[in-house]
Amino acid sequence: MLTTPDFTEITPTAEIKAARHGNRAKCLQRLVRLDLPVPLSVALPFDTVRAIATGRIPNIAALWGVFGVGALVSVRSSSQAADWGGPGTVLNIGLNDAGAARLAETHGQDAADALYLGFIKAYAVDVLRLDADMFEGPITPRLAKTYFEDELEEPFPQDPGVQLTEVLRSMARAWEGTSARLLRQAQGAPADAGLGLVVQQMALGIGQGISGSGVVQFVSTETGSPRITGRYLPQGQGRAALSEQDAHFIESDARGPALEDTSPKAVKVLRKAGALIRDRLQEEMQIEFTLMNDTLFILDAVRSPRTGRAEVAIAVALAEDGIISKAEAMRRIPPFTLNQLLHRQVDPAAARDVLTRGIAAAPGAATGRIVFSAAAAQAAAAHGEACILVRRETSPEDIRGMGAAQAILTERGGMTSHAAVIARGLGLPCVSGATRLQLDARKKTLTVPGRKIFHEGDLITVDGSSGEVLAGFARMIEPALGGAFATLMKWADEARDIGIRANADTHAEAEAAQRFGVDGIGLCRTEHMFFDPIRLTVMREMIFASEAGDRTAALNRLLPMQRNDFTALFKLMQGQPVCIRLFDPPLHEFLPADRDGIRAMAEAMDMPVSRVAARIESLQEFNPMLGMRGVRLGITLPEIYDMQARAIFEAALVAGDGVVPEIMIPLVSARREVELVKDRVDAVAAAVRNEQGKDFDYRLGVMVETPRAALRAGEIAESCAFLSFGTNDLTQMTYGLSRDDAGRFMSAYVQHGVFPEDPFQRLDTDGVGELLLLGAERGRAARADLMLSICGEHGGQPDSIAFSRAAGFNYVSCSPFRVPVAKLAAAQLAVLDAVLP
């Protein structure tokens, strides 16, 4: 075994470390330790490769001496993590005129010319960066060398040492290039990530007997189920078998010739090697192999490529077979991978005609015909037609149309916009902030610069997982919620130590949450229950009432509807906690904004158009999201909260024993607000108890959405049982940012390092997080049994869950289709804590 400061021969006992030599070098050592037929290999560590990039070349003579005179070698990249990439492999280094002549004698002139020409091209184009066009077409090695000499004014190098030096220098410098650095940083690599290189003796794949190269894996890339897949190319090299049309199958196959037909022994050895690698390396691996005159060589093994569905199936299968632990299986799966199982996805192999890109606001994909209004979406659904609702931005009155659509596409907005939040709750794909769209709702056209004009009824596909909008139909992969997914969720529930609730505004959303096994509902936004056409009319009558008695009369008509809503919700949740947020939005959201809508409302309410228009104008505010909404409405128009409290209490009694509703007051900023609402809610509770002759319990709490509420949490907590931090609005108010408009400049801010991440996508644990910690600390100092939670869209983010656990929160609440992601993230944190000292 040869070891120098600059390189180390890969042997069973050599000191090869992934953190120093890279993932590929370490994997090759493991294969060698399994006594598999790996060609002689040498690993160059990160420090050596960095030195090569700056011009310090190691002792090439000593390196070449490991392989001997006349040898041919390849060079492969070896980054610390396979996902970080690296320069492509260069084959047949050392091949020159003399070597080509020897090959012609043993393998024939055609084989020798093909190998030599391939190396000259690769050396010229991939190593020295010459123009590839000059080497295209039917040329010979002699002509290729002539082109090379004409371009560089020097002959093609015949010295193997010179060839190897230039290959190493090229790969080292490529790793340090700007594009390579940005690509690997996008995969999570640190800025100073190193690259190792592996120099390996060639197993040519060309010979008189059965010879060739191939790639094989033992699970399906799509599903993760056991299945031999791959290709074999007779008289081929490297991974060419995956791209050549005349490549053979591995196992015997009715579709065409296979390696097993000519060499069943080789396939048997591959199967045995695959099983051994799976057992000892504890992973499903893709094996690159070469056959030389019936002799098998294993050149490399990398983690099998896989979809999210396959990722889960493979990890669960390895655990069930006793190869890894359940904890390790959970640790291996990135939480957001589960989105690929919960929603339809565009097939990765399908063609994509990308029209534009926006923010991937809600995962999944759907194809449908364009509609520009909620009414058109409902009409399409009534006729059984799939549609995509396209809006500049959505509002609460679009709820029913959003539910009728297959996907949502908006020109404005971000991750926490109305469209994004509702789409995630409904399990619909959504792309928001597609700012290149030019939407004309009056003409019913959608224009993408440089493309044709799309009209209502044209077919598009929305991919909410990637943020892409595609023209026409795209082939889909269906969701997979049984089998391995269900097993994984069972393990996650056993491991996690923080509650996971769902944000659910409707019975359908609560049903979806129940399918994923939530611990309750952490946020039920009651305003979404009022947009049914019948309720909307009554709601508008209440808004137009000028006297408290008239408002109460209108609200009394809404009372049985609200009671039925809550009764169904309580029965569905079967005694699990349900946290109901009292009415929050400004009243103008329930009123029409256009002339046609105002006229229709005037007819429905038998009022002059002028009076309706004047009343609507009187309710307009300069900044409605900071105006008359939330608890401010509850105090100035207390009849609204009185009706909702009564509906909640009466529903709890109808639903049966064990129901303890949680009532949450929105947009609080002062203790006195809580006291005023609490007094009225307590009075309603007392009245219902007297009327029904039955007792019941309930909990009253506050949704902490203003910085002042977080800072004054100690005195606020004296009047409530829980604090639930609404991080959407809290982030808006802390930053002074509109979540619907931030998308216009957020990319530039992140790019310039103003913010490390979009704070609406990832919880700002420094700024907003400090408010949460202050609120939690001061709240629990005043009331030790105070329940704490996050109920904003951040609740389903792994970072937020880690923060919440560390802060001692009781639970997080998120959209129903983020529940599995949250559960897995919580389980990973718990099992990580269990193994750390």
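How many helices and strands does the chain have? The chain has 33 helices and 30 strands, counted as DSSP runs (H or I of at least four residues for helices, E of at least two for strands) and numbered from the N terminus. This is a predicted model, in which local features need pLDDT of at least 70 and side-chain atom pairs count only at pLDDT 80 or more, while totals for chains, interfaces and linings use all residues. Residues are numbered from 1 along each chain as its sequence is written, and side-chain values use heavy atoms, with hydrogens and water left out.

Taken along the principal axes, the C-alpha atoms fill a box of roughly 105 × 60 × 55 Å.

E26 pairs in the parallel sense with strand E25 (residues 578-581) over three bridges, where pairing takes at least two DSSP bridges between the strands. Cysteine 579 has glutamate 662 of E26 as its bridge partner. E26 also pairs in the parallel sense with strand E27 (residues 699-704), over four bridges, and here isoleucine 665 has valine 702 of E27 as its bridge partner. To get from E26 to E27 the chain passes through helix H26 (residues 671-692) in a right-handed β-α-β crossover; right-handed means that, with the strands pointing away from the viewer, the path from the first strand over the helix to the second runs clockwise.

Two residues along this stretch stand out for a closer look. Leucine 667 sits in the loop between E26 and H26 and has a positive phi of about 60° although it is not a glycine. Most residues other than glycine have a negative phi. Leucine 667 counts as buried because its relative accessible area is 0%. Valine 684 lies in H26 itself and is buried too, at 10% relative accessibility. Leaving out residues up to four places away in sequence, valine 684 touches Asp642, Ala645, Arg646 and Phe649.

Aspartate 35 also has a positive phi, near 60°. Aspartate 35 lies in the loop between helix H2 (23-33) and strand E2 (41-44) and is exposed, because its relative accessible area is 69%.

Elsewhere, strands E6 (residues 212-219) and E7 (residues 226-234) pair in the antiparallel sense over seven bridges, with glutamine 217 opposite threonine 229 in E7. Their hairpin has six residues between the strands, and glycine 224 takes a positive phi near 80° there.

Conventions:
Buried < 20%, exposed > 50% of the residue type's maximum accessible area, 1.4 Å probe, protein only. Contact = heavy atoms within 4.5 Å.
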